[in-house]
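Keep the model in view as you read.

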Amino acid sequence: ELPLPLGRARTAMHPPLTLDDHPLCRAVVIALKRCHRDNPWARSWGVCNTQKEDLDVCLKKQKLFKFRINNEKAIASKERLRARVAKYGHATSNGEFTGASEVPGTPQPQTPETPQP
């Protein structure tokens, strides 16, 4: 893939522009759609490029925003899983159980008592 010139947005195709999917970019999406509607032929010669570049910047910000939210959820989920494994243990790939010494609902191995002299 060729490197992008500095200071310019990527000019690739954007995703489908439904307002429900892009709540943070609503005004920019409407502006681009309005430009396309008002300039059906001239948009081929770059009349709507400013709106398109604004949309690219906005979609990038929205993607970063969604990434941060999803990353926070993933970190919280991993912490819950780590706490559960620390409390209950986990099964290994060979089917043996490792982890916590006392797991509710599983039989514990009996250790033979040694007689006291």
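Let us start with L24, which is found in the segment before α1. Helices here are DSSP runs of H or I with at least four residues, strands are runs of E with at least two, and both are numbered from the N terminus. Together with F65 and I69, L24 makes a nonpolar surface patch of about 270 Å². Patches are built from residues with over 30% relative accessible area and no salt bridge; nonpolar side chains (Val, Leu, Ile, Met, Phe, Trp, Tyr) are joined within 5 Å, and like charges within 9 Å. The areas come from the Shrake-Rupley method with a 1.4 Å probe, and for residues only the protein chains shown count as cover.

A word on the model itself: it is predicted, so local features need pLDDT of at least 70 and side-chain atom pairs count only at pLDDT 80 or more, while totals for chains, interfaces and linings use all residues. Residues are numbered from 1 along each chain as its sequence is written, and side-chain values use heavy atoms, with hydrogens and water left out.

## The overall layout

The protein chain has two helices and two strands. Read from the N terminus, their order is α-α-β-β.

Of the 117 residues in the protein chain, 14% are buried. The term buried means under 20% relative accessible area, exposed means over 50%, and partly exposed covers what lies in between (1.4 Å probe, protein chains only). The accessible surface of the protein chain is about 10,300 Å², and carbon and sulfur atoms account for 57% of that surface. As for contacts (heavy atoms within 4.5 Å), take those in the protein chain between residues at least 6 apart in sequence: 39% of them join residues at least 24 apart.

## Two disulfides

How many disulfides does the structure hold? There are two, where a disulfide is a pair of cysteine sulfur atoms within 2.5 Å. With bonded cysteines counted along the chain, the pattern is 1-4, 2-3. One of the links joins C25 to C58, with an S to S distance of 2.1 Å. Because C25 lies in the segment before α1 (26-38) and C58 in helix α2 (residues 49-88), this pair ties together parts that are 33 residues apart in sequence. The torsion about the S-S bond of C25 and C58 is about -105 degrees, so this disulfide is left-handed. C25 is buried at a relative accessible area of 1%, and C58 is also buried, at 13%.

The other link is formed by C35 and C48, whose sulfur atoms are 2.0 Å apart. This pair connects distant parts of the chain: C35 sits in helix α1 and C48 in the loop between α1 and α2, 13 residues apart. The link of C35 and C48 is left-handed, with -95 degrees about the S-S bond. Both C35 and C48 are buried.

## Three salt bridges

Side chains of opposite charge can pair when their charged atoms come close. A salt bridge is taken here as a side-chain nitrogen of Lys or Arg within 4 Å of a carboxyl oxygen of Asp or Glu, and by this rule there are three. Which residue pairs with K52? The partner is D56, with an N to O distance of 2.8 Å. The two residues are four apart in helix α2, so about one helical turn separates K52 and D56. K52 is buried at 19% relative accessibility, and D56 is buried at 13%. The side chains of D56 and K52 also count as making a polar contact, at 2.8 Å; that term means a pair of N or O atoms within 3.5 Å, and within protein one must be able to donate a hydrogen and the other to accept it, with residues adjacent in sequence counting only if both atoms are side-chain atoms.

Further along helix α2, R82 and E79 are three residues apart, so they too are separated by about one helical turn. Their side chains meet in a salt bridge with 3.1 Å from N to O. R82 is exposed at 52% relative accessibility, while E79 is partly exposed at 44%. The remaining salt bridge brings together the side chains of D38 and R37, at 3.2 Å from N to O. Here D38 is partly exposed, with a relative accessible area of 47%, and R37 is exposed, with 57%.
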